[in-house]
2 protein chains.
Amino acid sequence: MNINIDFVNKLRISGLRPTKQRLKICEVLFNTEKTFHFTVNDLSKIISEKLNQKISLATIYNTVHAFKKKGYLKEISMNSDKTYFDTNTTHHHHFFDSSTMKLIDLSDDQVEKIKINKALPGKKISSVEILVKIENE
Amino acid sequence: MNINIDFVNKLRISGLRPTKQRLKICEVLFNTEKTFHFTVNDLSKIISEKLNQKISLATIYNTVHAFKKKGYLKEISMNSDKTYFDTNTTHHHHFFDSSTMKLIDLSDDQVEKIKINKALPGKKISSVEILVKIENE
DNA sequence: TACTTTCTTTAGAATCATTATAAACTATAA
DNA sequence: TTATAGTTTATAATGATTCTAAAGAAAGTA
């Protein structure tokens, strides 16, 4: 499996030991054409149901947080009982469909430049995220 | 107290019975100059510690949700372990200061008009919210 | 290779916000 | 005053997330 060699290197470079649990999670998250949104519960189900593997929930939480810290995942800012993560770490925004409870990417160039005309002394902007809520017409 | 007469009327108009618990919560939330942000836990503390009153947590949850449903409160979209509410129900956005974990209003006219150049068939936009994360310089 | 250290994984317990339940209570209308 | 529908409440239940402490695995060193 040469796919995994990349992941092994990436993990090592990040200071994370390439354990088989982390490699499995890498495959699920980063071995796809398209980026996607997920909750820890989603990820856990993919691993146990689709791949028939057993990785402890605690490990999945640990790994997701470690990946987020390293910048390989983004946490999405929205109010929900669950926390959503995004494998698309480029700067972009989201639609949230209240009818289906699903997130949809809204790329940066599909939004006209946002200009914030308010400065807060001693503070700098670290991110600007738009959440567009949609519903059935 | 003529303040309360207003609240009694407002509650009645909204189809909510003006109970003493709801009136007390109205006073805390709406009897101030400035709007503010709070969590259910904050509100509960204000009532028990500052006002020395006892309102069940369940009632506070019920009331806050009822007020939100009627449009007297807004829920703020951001990822946090707690849910934040806002007594400012006009259309506006937020700064979230990661250093202090506090929300700051960003009024609509302090943001240049947002244009979303992506339409989703069969869906309509119900809200557009910007969250600007800031940190110490 | 053997040993040591440090990092990881794990099951299960603990925590914390929130919601559900069901009985007691209260506002309202007739 | 009485009946009814809406409310409050304590408490239990739920569900996501974090903590714990012990067992296991990777990396570094000789």
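**Chain A against chain B**

Me: How many residues does the contact take from chain B and from chain A?
Reply: This is a predicted model. Both chains contribute to the contact. The count is 39 residues from chain B and 38 residues from chain A.

Me: What area is buried between chain B and chain A?
Reply: Interface size is often given as the accessible area lost when the parts come together. Here carbon and sulfur atoms give 49% of that area. The total is about 3700 Å².

Me: Which three residues supply more than any other three of the area that chain B buries against chain A?
Reply: Together they supply 17% of the area on chain B's side. They are Asn79(B), Lys123(B) and Lys124(B).

Me: Which residue of chain A forms a salt bridge with Lys123(B)?
Reply: Between the two chains there are 4 salt bridges. In the one with Lys123(B), the closest N and O atoms are 2.7 Å apart. The partner is Asp97(A).

Me: Which element gives the largest share of the side of chain B that touches chain A?
Reply: Strand 4 (92–97), strand 5 (102–107) and strand 6 (123–136) of chain B each give two or more residues. One of them supplies 14 residues, the largest share. That element is strand 6 of chain B.

Me: In which sense do strand 6 of chain A and strand 6 of chain B pair, parallel or antiparallel?
Reply: The two strands pair over 13 bridges. Within this pairing, Leu131(A) stands opposite Glu129(B). The sense is antiparallel.

Key:
Residues are numbered from 1 along each chain as its sequence is written. Chains are lettered from A and ligands numbered from 1 in the order in which they are written. This is a predicted model: local features need pLDDT of at least 70, side-chain atom pairs count only at pLDDT 80 or more; totals for chains, interfaces and linings use all residues. Side-chain values use heavy atoms; hydrogens and water are left out. Contact means heavy atoms within 4.5 Å. Buried area is the accessible area (1.4 Å probe) that two parts lose on being put together, summed over both. A salt bridge is a side-chain nitrogen of Lys or Arg within 4 Å of a carboxyl oxygen of Asp or Glu. Helices (H or I, at least four residues) and strands (E, at least two) are DSSP runs, numbered from the N terminus. Two strands pair if DSSP finds at least two bridges between them.
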